[in-house]
Amino acid sequence: MAQEDTDPVARTGSGEVRGRRQGPVAVWRGIPYAADAGGANRFRLPQPPEPWDGVRDCAEFGEVAPQSAGFVPVDSGLRMGEDCLWVNVWAPVEPADDPRPVMVWIHGGAFCLGTAAQAIYDGKRMAETGGVVVVGVNYRLGALGFLDLSSLGPEFVPNLGLHDQLAALEWVRDNIAAFGGDPDNVTVFGESSGAGCVTALLTSPRAAGLFHRAIAQSPPATTVFGPGYAATVAKRYLEILELAPERGAELLDMPIERLITGAGILLDEVPTREPGRLAAAPVVDGDVLPSYPSERFQEGLSHHVPLIIGTNKDEASLFRVFRSPIMPVTPDAVNAMLRGVAAEHPGMSPERIAEIASAYGDLSTPRGAMSMSTDAAFRMPAHWVANAHSRHSPTWMYRFDHATPMLKAARVGAGHATELPYVFGNFGSFDYDPTFWLGGRKAAQDISGRTMRRWTAFAGYGVPAALDGSKHWPPYTEDKRTTLVIDAVDRVVDDPDRDRNSVWGDQAVGFY
């Protein structure tokens, strides 16, 4: 039979799409959920995709969102361009009696890097292991997606990256049944800035009803800016591009290469000058985000859906290895971050800042500095979210502690993003994997199997059930802070970081 006679075809609202069969799973790559975001659509809300006649071949990834080179690995064979609003879909081929749970992935990358085309995010193993439909979302980044330029004129819309994600979730609602998925059982999950988008969407009225469960892996949940700070960054962006404020409209048709070069300078400059801050992030716009998500969580206004949230034990180590300015890891940078926190929160006295710092021993050492940075950026924001969300909805907290012998030897440990191959089960697909140079593959595969089963059980039933007999994972409550510590042998521990949790307290501290 001809190849096109055996490959799966699904009908979407814009036309039919042909995928490829990979054993028990079918994959469609680069399905547009919105129109090309270049040309007249630059800095506009996502527009409906152009319909097509016939069957559109979806064997290749679409264009990667324009971005500067960074420490996020992007395959050199991928094309970069503004036609970047597309999804990938992995679905089991075997027909099911009932529609399958859907898991929608939002990739990370500090709001300015990465793509749904990265090999680590291949959803085949998750779809096969859990019998779920996996959707990977590509969206606008950096200057095009998370730099709020609305102070420059009405042509510019804030939070375009979040608007793209909302459009993708609407596409899932309207089309996923054609791939065997259940539009009434959607789990949105993400890591790092992708998890920050998840926690933001959990508080967005616009997202109501578009997903029914959420997983946030290492969310920078308090990295959301106000319009005042965003306007300051927009002004600096124009200065870098050598444009006067009244010439902001020239960004609409400026060559994309110049836009991205300028953004790269800005995105490095801001965290270098102000450790702990980013240049691009979600902003309070009165629409998608009516107020700071941290405040809406505290007010009980997050969507009433089950949530898994957690962090990795050694988040900051990866930023030290890559010498990235995105996260402060040196003693000087961490102390500068603390001074910035004090300036942002007038109610925090110097004595209060000193009390928090004292919980980390000697902040003049790399170990103390990285522990502080891990907690300020990821671990405490996750706890503040969990504390508030658990008051009205089932919530589970984890801490990912596992590291291969090689990662331990390299002093990375359970660094930022090291849980990703365990969640997607994809490290086994690389024979030449440096993280296993000193062994540890079997233990890693066992942990990956447990993690995938928990994540997909949660997507199916709203509970991360230990169906395979592994450690039961009780829900998180504000008083006990019960946490699943994921390692070669999983453990359930009440408040494993009690001392540091108590010194920070319950007031969310962020960068506004």
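Trainee: Is Glu239 buried, partly exposed or exposed, and what is the relative accessible area?

Mentor: Keep in mind that this is a predicted model. Glu239 is partly exposed, because its relative accessible area is 38%, and the in-between class lies from 20% to 50%.

Trainee: What does the side chain of Glu239 meet in a salt bridge?

Mentor: The general idea comes before the case. Side chains of opposite charge can pair when their charged atoms come close. Here the partner is Lys235, with 3.0 Å from N to O. Lys235 is partly exposed too, with a relative accessible area of 49%. Both residues sit in helix α6 (residues 227–240), and since they are four residues apart, about one helical turn separates them.

Trainee: How many salt bridges does the count come to?

Mentor: The count comes to 27. Another one joins Glu16 to Arg11, with the closest N and O atoms 3.1 Å apart. Glu16 counts as partly exposed at 23% relative accessibility, while Arg11 counts as exposed at 57%.

Trainee: Which residues are linked in a network of salt bridges?

Mentor: Asp375, Arg379, Arg399, Asp401, Asp497 and Arg500 are linked that way. Arg399 is buried, with a relative accessible area of 11%, and Asp401 counts as buried at 10%.

Trainee: And what about Arg296: which side chain of opposite charge is nearest, and how far away is it?

Mentor: That is Glu299, 5.4 Å away. Arg296 is buried yet has no salt bridge. You'll find Arg296 in helix α8 (residues 293–298). Leaving aside neighbours within four places in sequence, its contacts include Thr203, Pro205 and Leu301.

Trainee: Stepping back, how many helices and strands does the protein have?

Mentor: There are 16 helices and 14 strands. The radius of gyration is 22 Å, close to the 24 Å that the globule rule gives for 512 residues, so the protein is as compact as a globular protein of that length.

Trainee: What share of the residues is buried?

Mentor: Buried residues make up 60% of the 512. As for contacts with a separation of 6 or more, 76% of them are between residues 24 or more positions apart.

Methods: Residues numbered from 1 in each chain as written. Predicted model: local features only at pLDDT ≥ 70, side-chain atom pairs only at ≥ 80, totals over all residues. Heavy atoms only, no water. Helix = DSSP H or I, 4+ residues; strand = E, 2+ residues; numbered from the N terminus. Rg over C-alpha atoms; globule rule 2.2 N^0.38 Å. Buried < 20%, exposed > 50% of the residue type's maximum accessible area, 1.4 Å probe, protein only. Contact = heavy atoms within 4.5 Å. Lys, Arg positive; Asp, Glu negative; His and termini not counted. Salt bridge = Lys/Arg side-chain N within 4 Å of Asp/Glu carboxyl O.
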